[in-house]
Amino acid sequence: MICSLLVHIAAIHIGFSQHYRSMVPGAGLDCEVTDSISLAIGSYRNSVGDRSNYLLAAKDFQVSSSVKAGFFIGGVDGYYWRNRGKLDYFGGLRSSVKLTDSTSLQIQFIPGQQYTRQGVIGIGFSHSFGNIGETNK
């Protein structure tokens with residue numbers, strides 16, 4: 001199982017975004033369950049300044065030797081102003097562009113939902129640290 005450390009950096013809000021923060025620092029772990037399906041868990045400081053935790057599943061497609069694209073679904077908490085921190089469900093598109101053998105630029109797009117009516121683009125990096133559970137022979 002190949003896993004990557006995710007580092008969350010920024011969120012670009014599409015639409016009215018004066019009261020949202022652009023810097024959303026955080027970290028997560030993304031592990032491939034199969035060659036094209038992965039699960040991720042993590043935590044970040046969200047755009048309204050609260051701590052959010054997430055869990056998501058993704059399906060990726062190899063577009064070229066250095067680009068993957070796909071979609072994801074998941075849940076996130078921590079948006080207290082909207083629902084007192086209960087779990088929100090979300091989905092979107094994602095892509096990764098390989099920068100080195102183990103480092104990639106990560107981009108996610110979450111379309112506007114009924115409560116915000118504006119989308120967000122998330123930007124971060126990942127660093128793969130290889131197969132977990134694999135022994136040297």
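1. In β8, glycine 124 is the bridge partner of glutamine 106. The two strands concerned are β7, residues 103-110, and β8, residues 120-131; they run antiparallel and are joined by 8 bridges. The model is a predicted one, and this should be kept in mind for every point below.

2. The β7-β8 pairing belongs to a closed arrangement. Here 8 strands form a barrel in the order β1-β2-β3-β4-β5-β6-β7-β8, with antiparallel pairing. From one strand to the next, the twist averages 30 degrees. As background, the strands of a sheet pair through backbone hydrogen bonds, and the pairing may be parallel or antiparallel.

3. How many aromatic pairs does the structure hold? There are 2 aromatic pairs. In one of them, tyrosine 44 and tyrosine 54 are tilted, at 6.1 Å centre to centre and with 50 degrees between the planes. Tyrosine 44 sits in β3 (residues 37-45) and tyrosine 54 in β4 (residues 51-62), so this pair ties together parts that are 10 residues apart in sequence. Both tyrosine 44 and tyrosine 54 are buried.

4. Phenylalanine 72 and phenylalanine 90 are also paired: their ring centres are 5.8 Å apart and their planes stand at 65 degrees, so the pair counts as edge-to-face. The cut-off for that label is a plane angle over 60 degrees. Because phenylalanine 72 lies in β5 (residues 67-76) and phenylalanine 90 in β6 (residues 88-98), the pair ties together parts 18 residues apart in sequence. Phenylalanine 72 and phenylalanine 90 are both buried.

5. In soluble globular proteins, nonpolar side chains tend to be buried together.

6. Strand β4 also contains serine 52. Is serine 52 buried or exposed? Its relative accessible area is 0%, so serine 52 is buried. The side chain of serine 52 makes a polar contact of 2.8 Å with the side chain of asparagine 46. A polar atom of the serine 52 side chain also lies 2.7 Å from the backbone oxygen of aspartate 77.

7. Leaving aside residues up to four places away in sequence, serine 52 touches Gly42, Ser43, Tyr44, Asn46, Val76, Asp77, Gly78 and Tyr79.

Note on methods: Residues are numbered from 1 along each chain as its sequence is written. This is a predicted model: local features need pLDDT of at least 70, side-chain atom pairs count only at pLDDT 80 or more; totals for chains, interfaces and linings use all residues. Side-chain values use heavy atoms; hydrogens and water are left out. Two strands pair if DSSP finds at least two bridges between them. Helices (H or I, at least four residues) and strands (E, at least two) are DSSP runs, numbered from the N terminus. Axes are lines fitted to C-alpha atoms, for helices over the stretch in contact, and angles run from 0 to 180 degrees between N-to-C directions. Rings of Phe, Tyr and Trp (its six-membered ring) pair if their centres lie within 6.5 Å; planes under 30 degrees apart count as stacked, over 60 as edge-to-face and the rest as tilted. Buried means under 20% relative accessible area, exposed over 50%, partly exposed in between (1.4 Å probe, protein chains only). A polar contact is a pair of N or O atoms within 3.5 Å; within protein, one must be able to donate a hydrogen and the other to accept it, and residues adjacent in sequence count only if both atoms are side-chain atoms. Contact means heavy atoms within 4.5 Å.
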